[in-house]
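Dear colleague,

Please find below the structure that I am handing over to you. My notes on its aromatic residues follow it.

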Amino acid sequence: TVQTRLRETISVKDFGAVGNGVANDTTAIQNALIAAAGKQLWFPAGTYIYASTLTIPTNTYLLGDGPVKTVLKMKPTFALNTPGLVNANTTQDGSLHDANITFEGITFDGSSIAARTVEMISMLAVNNLQFLNSQAINHTYIALASGGCANVLVSGSYFGNIGAAGGLSTGVWLGNYGTLNSTRCLVTNSQFIGNLGSACSMHCNGGTFTNNFCYQNGESVVFGNSTGSNINVTNNYFNYTSRQQISAQAIELGTQRNVLISGNYIANCDSDGITVTDTLNAIISNNIVVDCGRDTAYYAFNGGITILKEAGGNVCQNIQISGNRIYDSAATGKKMDYGIIFSGVTPMEYITVENNDFTGVKTAALSILNNNALSSSWYVNRNRRQDGVLVPLPITTLTFQAPASTGNYVVTTSLD
């Protein structure tokens with residue numbers, strides 16, 4: 001009933017919070033959070049300034065009047081090495097502790113404090129964590145971190161002006177807390193715009209990044225470089241990705257298992273559109289990759305899609321690249337050297353490149369930059385120009401030759 005719901009909801013203003021953008025509301029908010037354990041804590045429209053870390057009890061729902069109206073803002077003198085908001089029980093023993101923490105309808109503003117080294121929102125070992133219809137803005141390090149959390153949902157939210165020039169940061173970080181990794185994570189229907197760091201770091205087991213809008217971000221927009229598994233990056237829009245330190249792909253995943261990258265639109269990356277490194281079981285399908293490789297001064301060569309096998313890395317096997325459209329739209333001065341690049345210090349196995357469309361890449365549709373990458377069970381078939389005409393692919397254009405050992409790779413009809 002309405003009366004029951006009202007009994008389950010308390011307001012920060014009942015504890016003395018002012019919300020006028022000037023008053024220090026830290027103590028009032030913390031007292032309200034303590035009282036709100038197991039309830040819904042309402043932040044009426046206003047800007048609430050807090051000067052030190054706020055601790056959120058288990059089973060607490062933080063609700064604002066919408067991200068335009070309700071703002072929680074860090075005081076400019078906030079300590080550089082302490083998080084903005086944390087959950088209460090962060091015991092590190094490989095188990096989940098707190099549960100059911102939700103943020104909805106609130107803007108979290110980091111005040112662009114320089115040289116921050118910890119997260120604005122740090123959630124550790126939480127079961128059922130949600131960030132809904134909210135914003136995270138103006139923070140020079142990670143905005144929202146999930147360390148060892150399970151059942152994480154980020155939906156309908158906005159991340160902007162996250163990161164610092166030359167630094168490594170991310171809007172949403174999904175990773176481990178000791179031996180406990182984040183699991184069953186979904187980031188969907190959200191916007192990542194004008195960030196100097198990545199949109200999402202996916203180091204989790206079971207993570208999906210889908211139906212998001214990513215524009216003018218730095219480093220790799222979706223990044224994963226760990227032993228995570230079951231990662232899906234699907235149906236997203238990526239445009240204008242710029243290098244901050246070393247990376248500038250829309251999607252960069254490495255040392256992971258069971259990866260699906262499908263249905264994405266990717267344009268104007270400084271480096272490759274997609275890079276997959278030391279990965280077992282990957283499907284890269286039905287993506288549009290256009291006009292990547294803008295930073296020719298920093299990157300010696302680039303491709304729409306690059307597959308890497310590094311020394312000492314995991315196996316690189318069972319990679320299927322199909323149904324992608326990869327092209328450089330420039331009439332002159334093309335920058336995208338290759339459609340697809342393979343480079344490896346040890347063999348890659350069970351590779352399929354089939355039914356892709358290449359249009360006007362600078363040098364060649366396919367490039368094997370190191371013959372060590374070649375092994376048995378390569379299948380390159382029926383790749384074509386955008387007009388659908390199959391063109392025989394000269395071996396010289398492919399830039400590889402048969403390795404000394406017996407190989408069973410097949411090259412049939414592809415485009416030079």
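A residue is called buried when its relative accessible area is under 20%, exposed when it is over 50%, and partly exposed in between (1.4 Å probe, protein chains only). This is a predicted model, in which local features need pLDDT of at least 70 and side-chain atom pairs count only at pLDDT 80 or more, while totals for chains, interfaces and linings use all residues. Residues are numbered from 1 along each chain as its sequence is written, and side-chain values use heavy atoms, with hydrogens and water left out.

Phe 192 has a relative accessibility of 0% and therefore counts as buried. Phe 209, also at 0%, is buried, and Phe 238 is buried with a relative accessible area of 0%.

Rings of Phe, Tyr and Trp (its six-membered ring) pair if their centres lie within 6.5 Å; planes under 30 degrees apart are stacked, over 60 edge-to-face, and the rest tilted. The whole structure holds 14 aromatic pairs. One of them is the tilted pair of Phe 192 and Phe 209, with 5.7 Å between centres and 40° between planes. Phe 192 belongs to strand S20 (residues 191–193) and Phe 209 to strand S22 (residues 205–210), so this pair ties together parts 17 residues apart in sequence. Strands here are DSSP runs (E, at least two residues), numbered from the N terminus.

Phe 209 also pairs with Phe 238, this time stacked, at 6.4 Å centre to centre and 20° between the planes. That pair links strand S22 with strand S26 (residues 237–242), its two residues being 29 apart. Phe 192, Phe 209 and Phe 238 are among the members of one aromatic cluster, which also includes Phe 103, Phe 108, Phe 131 and Phe 159.

Yours sincerely

Conventions: Helix = DSSP H or I, 4+ residues; strand = E, 2+ residues; numbered from the N terminus.
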